[in-house]
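Hello,

Please take a look at the structure below. My notes on it follow, grouped by topic.

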Amino acid sequence: QFELAESGGGLVQPGGSLRLSCVASGFTFSSTFIGWFRQAPGKEREWVACNTRVGESYSDSVKGRFTISRDIDQNTEYLQMDNLKAEDTALYYCASYDPLASYVTEWCPLPHYYHYWGQGTQVTVSS
């Protein structure tokens, strides 16, 4: 059974940092690639970042502030979020990227290339 579980969300002040974790179970993590999405109340789901076989990719709204990384031994993908802004407030999800698409970074923003999704972790940026 394939599962993804996010954690690390919380309440943080503008300018602060959080690190989200996405623990994968049931996957061969070394050949599993993860994307991060978020959804704010009343808004559509938005792609944030992804890790692929050929590198990382970030949305323009988080580039330079967020960093994706992985610990294969821990089956965990991380999203380090720095200089957080109020507009980063959302429910954050991790999802497993289609292995057949994992050489194509340009497809990362497209949700239909992801197969398994976690339940999400809430990030709230507020003073």
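**C50 and the disulfides**

C50 is buried, with a relative accessible area of 0%. Keep in mind that this is a predicted model. C50 is joined to C108 by a disulfide, S to S 1.9 Å. C108 is buried too, at a relative accessible area of 0%. This pair links distant parts of the chain. C50 sits in strand β5, while C108 lies in the loop between β9 and β10 (114–117), 58 residues apart. The torsion about the S-S bond of C50 and C108 is about 95°, so this disulfide is right-handed.

How many disulfides does the structure hold? There are two. The other one joins C22 to C94, S to S 2.1 Å. Its torsion is about 75°, so it is right-handed as well. It also ties together distant parts of the chain: C22 is in strand β3 and C94 in strand β9, 72 residues apart. C22 has 1% relative accessibility and counts as buried, because the cut-off is under 20%. C94, at 0%, is buried too. Count the bonded cysteines along the chain, and the pattern is 1-3, 2-4.

**Strand β5 and its partners**

Back to the strand that holds C50. Is β5 largely enclosed or open? Six of its seven residues (46–52) are buried, so the rest of the structure largely encloses it.

β5 pairs with strand β4 (residues 33–39) in the antiparallel sense, over four bridges. W36 stands opposite A49 in β5. The hairpin of β4 and β5 has six residues between the strands. Within that hairpin, G42 takes a positive phi near 80°.

β5 is also joined to strand β6 (residues 55–58). Again there are four bridges, and the two strands run antiparallel. T52 stands opposite G55 in β6. This hairpin has two residues between its strands.

**An open sheet**

Now look for an open sheet of four strands. Its order is β1-β3-β8-β7, with antiparallel pairing. Which strands are at the edges? They are β1 (3–7) and β7 (66–71), and each pairs on one side only. The twist averages 20° from one strand to the next. Inside the sheet, six bridges join β3 (residues 18–25) to β8. L20 stands opposite L79 in β8.

**The nonpolar cores**

In soluble globular proteins, nonpolar side chains tend to be buried together. Here the largest nonpolar core has 25 residues. W36, V48, F66, L79, M81 and Y92 have the most contacts inside it. Seven names make up the list of elements that give two or more residues: β3, β4, β5, β7, β8, β9 and β11 (121–125). β3 gives the most, with four residues.

Leaving out residues up to four places away in sequence, its contacts include W36, V48, F66 and Y92. L18, R19 and L20 are also among them.

A second, separate core has ten residues, including W47, C50, Y97 and Y113. C50 therefore belongs to this core, and it is also buried at 0%.

**A buried aspartate**

Finally, find D88 in the loop between β8 (76–81) and β9 (90–97). Is D88 buried or exposed? It counts as buried, at 0% relative accessibility. Beyond its neighbours within four places in sequence, D88 is in contact with R38, R65, F66, N83, V123 and V125.

Best wishes

Key. Residues are numbered from 1 along each chain as its sequence is written. This is a predicted model: local features need pLDDT of at least 70, side-chain atom pairs count only at pLDDT 80 or more; totals for chains, interfaces and linings use all residues. Side-chain values use heavy atoms; hydrogens and water are left out. Buried means under 20% relative accessible area, exposed over 50%, partly exposed in between (1.4 Å probe, protein chains only). Two strands pair if DSSP finds at least two bridges between them. Contact means heavy atoms within 4.5 Å. Axes are lines fitted to C-alpha atoms, for helices over the stretch in contact, and angles run from 0 to 180 degrees between N-to-C directions. A nonpolar core is a set of buried Ala, Val, Leu, Ile, Met, Phe, Trp, Tyr and Cys residues joined through side-chain atoms within 4.5 Å. A disulfide is a pair of cysteine sulfur atoms within 2.5 Å.
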